[in-house]
Amino acid sequence: MRWTLTPVLAVLAALVLVVPLTAEAQGKGTIKVATQSPLSGELAALGEGIKLGTQLAVEKFKGPVEKAGFKVELVPFDDQAKPDVGVANAKNIIADKDILVVIGHLNSGVAIPSSEVYKEVSLVMISPANTNPLITDRGLPNVNRVCGRDDVQGAVAAQFAKDNLKAKSVYIVHNKNQYGQGIAEFFQDTAKKQGMQVLGFEGTEERANFDPILTPVKAKNPDVIFFGGEYPQAAPMFRQAREKGVKSKFLGPDGLDSTELLKLGGDAVVGMHFTTVAGGVREYPKAKEFADDYKKKFGKDPEPFAAQAYDATAIGLKGLEAAIKEAGGKAPTREAVAKAVRKVKHSGITGSVDFDDKGDPKKATYLIYEVAKEWKDNKLVKRLEIAAPAAKKQ
Amino acid sequence: MDWQLVFAILPQVVMDGLVLGFMYALIALGYTMVYGVLELINFAHSEIFMVGAFVGVEILLGLKAHGVLDPLHPFLVLLLIVLAGMLVSGLLAVAIERVAYRPLRGAPRLIPLISAIGVSFFLQDAVRLTESLWRNAFYLTYPSFAVFNRRVEFGEQFDFSIKSLLVVAASLLMLFALQFLVTRTKLGRAIRAVAEDQPTASLMGINVNRIISLTFLIGGAMGGAAGVLFGVQYNTINPFTGFIPGIKAFTAAVLGGIGNIPGAMVGGLVLGLLEAFAASYLSLFTGGAFGAEYKDIFAFSILILILIFRPRGLLGEVVRERA
Amino acid sequence: MGRRFPAGRPLAINLIVLGLILSSAGLVYAVPRSILAFMAFQGSLLVVYYAPLTVRARLGYAALALGVVMPILGTHNGYYMEIAIQVGIFVALALGLNIVVGLAGLLDLGYVAFYAVGAYLWAVFGSPQAAKFVPATVASFPLASGWFFVFLLLGVAVAAATGVLLGLPVLRLRGDYLAIVTLGFGEVIRVLANNLDKPWNITNGPKGITPIQRPPLFFDPLLRAVGIEASPFTLYPLYFYFLVLAVVGVVILVNQRLERSHVGRAWEAIREDEVAAQAMGVPLVRMKLLAFAAGASFAGVMGVIFSAKQLFINPESFTFLESIGVLAMVILGGMGSIPGAIIGASVVTILNLQVLKGISLWLNELRNSGIEILGYNLANLPSQFEPAKYERMVFGIILILMMIYRPEGIIPARRRRLESFHRGEEPGGVP
């Protein structure tokens, strides 16, 4: 026992020695931007996208804040997609007085309890990916999001299925997580209202073998199959569907917005449609710059929520800048930053964000793309601007 | 209810279930081999399986990058990647045994279970690290082969692909090979002797450590083959791919009677069929109230029922409890 | 607990222990962000356990450290309070599982199911959720926060009943057959929680339940009366801390009583040899069911507290990996040993929430500062090497090493210690 402890003690000793040295601040001090997302485990690819998007934005937009005399640093946290880890991290984050902005999370199940912790000190959280209506409907002054809501996106997709794909019947599959099921349910509601026939509504946690799900789908032969979920499941499912001879059109939400969809799905996903809030290169010139920078820096194309994280961070830094100005060049309070962030108007790569009093973007722009043989050639088919619904009193 | 539809898709559902079942059986063989000899649940088997799948995809992508994939005969390629997957996974299993299980052989049974979980965590992230460094992505997909994807069709609602036939054939082949090895060869006799009584076996001149290593080699190779076939069949893999099939296969092994080779096959088939029936039919039979998401509940409930009436599994023999 | 040491220089030892507790606490207070300081404080608790002190003195020091010093430190830095609360929760879970696995020898791979049962029990009725399937004429939801205390007891009862429910069909099963059934049971509970939003909306499915009522701050008027004004944000963590501490105290007491009673001996007899135990007149059915019920009830009560503390729960907190995590705590600490389960749960939780995170943050800081090592600027390190990503890998390696070098656990059960003593090792197994 004793000797196994030696290396641990050595590391600890090193910690004691080095931390005070590196914590040495320059100028007026350090302002930290924290990210919380799963960096390990199965969701790491998506969580990493949030972290990298934030990292890129911090490097790009930290100028004004640094000019004001502060050093800006990124502190990534791994919430492991687990609520208890997320909450412990959140407590750690609020204990670090330098952290003034949090970008996160990926899972609403982690975001909701963690945001209750941020609320204790009015630390602002800007979510790039949590589409659960409950995130903002709780009316917390410190919680905002740049992404759309399940209730809106599901409806947009259903409307598109009817108007553009001329679907008379749909089959809905979702991945049983909060995001996928939420969107799928709202898709179903709208589809029914619009008079489309819903041939099936299935949830599955399956990741590899979609045969048993697809067998009834093939027999019922719907016009459109909608998948509520993210690309790691959507791509193999659509691919297996085509291999099985299913001829329906495919449709999905922004969890599919990644080059990986094409890499994993191959020809099966070419010609399918997805809804998203992140604009492509042609629609927003800034998006091209983002995609190029991302690729140059990290050697890969952005993951689904990276663009949102990028915008969220830009908004956070703008808020910081305003709050510093208001505080007369001194380090602002967390509350002041939260207030300033709520007021920020930002036209980013996922559209113009302007928060309403719940922290939802006042108007979300939804774009619907058709997947081409090369991801960059994806064609914009439709563009919709929709306001977030007012908070329902429970 | 739409009986016409129920019957129309019945053959397809059975086929789906059989293919899935043979896949589980193939993985379950690895659990059963190791368990039969050491009475140890090799929890890291799902990661051995996953590594096999990654070996397969890396070779395929490597061949493709050098442009030699298409000229080669697909069956030759398949044979190559299955063998490579078996080799790497087999050696990996031997290494795991040396590092994480052998030092713990005298310890209570649950101790190696925890080191196995440690190995699992380590391998998952080690593969993720290597792949993110090497390819900057850790979700990988098998290139598709037109030959394997070709479907044999019988009417509107029933068909199957060549690759699912391959899974079935490979599983049957491995089952018989393994059964032959264990019951008919000298090595098999040594394995059975070690399984029966290690001290006595070593007194009889059997090198127990070597036999245990060989058992892990064989079990690991089965896992590797299963991994490659899994990739060919279902396309997409990631470092956490092994987890769910691993648990299911372990369930299948127990269902059939753990430690019993034909039992693994029977257990796998029963579980695969149960899952396919649940996923395809639950929603039809309940008018959408319950759906495919209940397939695991369905499968596990049946499992519990079966074990109540046959506490040693379907084909289980009475195994001595180790104190 | 009582290990006999030759009593020498008791005053000096007492002073050293007291000094350690207070000086480490002072260090935490002075440098609240330093995880090392907090580890020193945690270490001082270990010293209390190992130092040659009388039982009474030991309890006194533990009470001082946990009852007085920790709340002060935790109010100073809420992160430490959160860690302390989570350690408490997992200690109770580990102690519960320790009864089933460690004492009775029944391998349970779905233990977290009972935790889920307790958590959902309060979450459903302590939030507006229940109104979705209970007619408004019966009761209005959420229930008043005072009901929380009733539900603590209900959590015990319902979880125990669930334990019996699981126990009944599996009585005939042994070893790994039992393991797979409990694994299946754990998954069934999780999948049910994830899916029971239709046809009847009981659990709200993957969307989870929020807001969940917290217990009433009944002592707040009292505090105000004596002139202490505190916001709920400082009061609730303290409240939950003491609640968890009290429950853990009760759990430890119950555990000790059980272990030393005829029930505990019957469990150990079952663990060592079921057939022999039965032959000696141990009522197998009753004892096994009792083990499941007792183990489950601890998880149930902690589930109720967890859901109230989190304000929100969904099925993601109750996965198979969570069960495995608790099992790892029990085995790491030393199967069948109460101090072992406590230390195992503490070590794993502190490692995951504090030490590994701390190291990641420190490495990140190194990167941000752009320090050069051998001429290589750390700021250029590719993101694949992000230290936060490899916490689980490091945890895996630690699990392997721990098992290889200390298979009997950190603090082995007394009986096992004696066994290894007979094999010619030192008691306690210090090499």
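H1(C) passes H2(C) in a left-handed crossing. A crossing is left-handed if the near helix is turned anticlockwise from the far one by less than a right angle, and right-handed if clockwise. This is a predicted model: local features need pLDDT of at least 70, side-chain atom pairs count only at pLDDT 80 or more, and totals for chains, interfaces and linings use all residues. Residues are numbered from 1 along each chain as its sequence is written, while chains are lettered from A and ligands numbered from 1 in the order in which they are written.

Stay with this pair. Helix H1 covers residues 10-30 of chain C, and helix H2 covers residues 35-50 of chain C. Helices (H or I, at least four residues) are DSSP runs, numbered from the N terminus. The two pack at an angle of about 165°, with their axes 8 Å apart. Axes are lines fitted to C-alpha atoms, for helices over the stretch in contact, and angles run from 0 to 180 degrees between N-to-C directions. H1(C) and H2(C) are therefore roughly antiparallel to each other, a term for angles over 145 degrees.

Which residues of H1(C) and H2(C) meet? On H1(C) they include C:Val17, C:Leu20 and C:Ile21. On H2(C) they include C:Phe38, C:Phe41 and C:Val47. Two residues are in contact if their C-beta atoms, placed from the backbone, lie within 7 Å. The contact of H1(C) with H2(C) holds twelve nonpolar, two polar and no charged residues. Ala, Val, Leu, Ile, Met, Phe, Trp, Tyr, Cys and Pro count as nonpolar, Asp, Glu, Lys and Arg as charged, and the others, Gly among them, as polar.

Now turn to the neighbours of chain C.

Chain A comes next. Here 43 residues of chain C are in contact with 43 residues of chain A. H14(C) gives the most to the chain C side, with nine residues. This side divides into 18 nonpolar, 14 polar and eleven charged residues.

Finally, look at helix H4 of chain B, residues 110-134. Is H4(B) mostly covered or mostly exposed? Of its 25 residues, 19 are buried (20 or more other C-beta atoms within 10 Å of their own, C-beta atoms being placed from the backbone), so H4(B) is mostly covered. Just after H4(B), B:Asn136 takes a positive phi of about 60°.

Methods:
Angles under 35 degrees count as roughly parallel, over 145 as roughly antiparallel, 65 to 115 as roughly perpendicular and the rest as oblique. The expected span of a helix is 1.5 Å times one less than its number of residues. A residue is buried if 20 or more other C-beta atoms lie within 10 Å of its own, exposed if 12 or fewer, and partly exposed in between; C-beta atoms are placed from the backbone.
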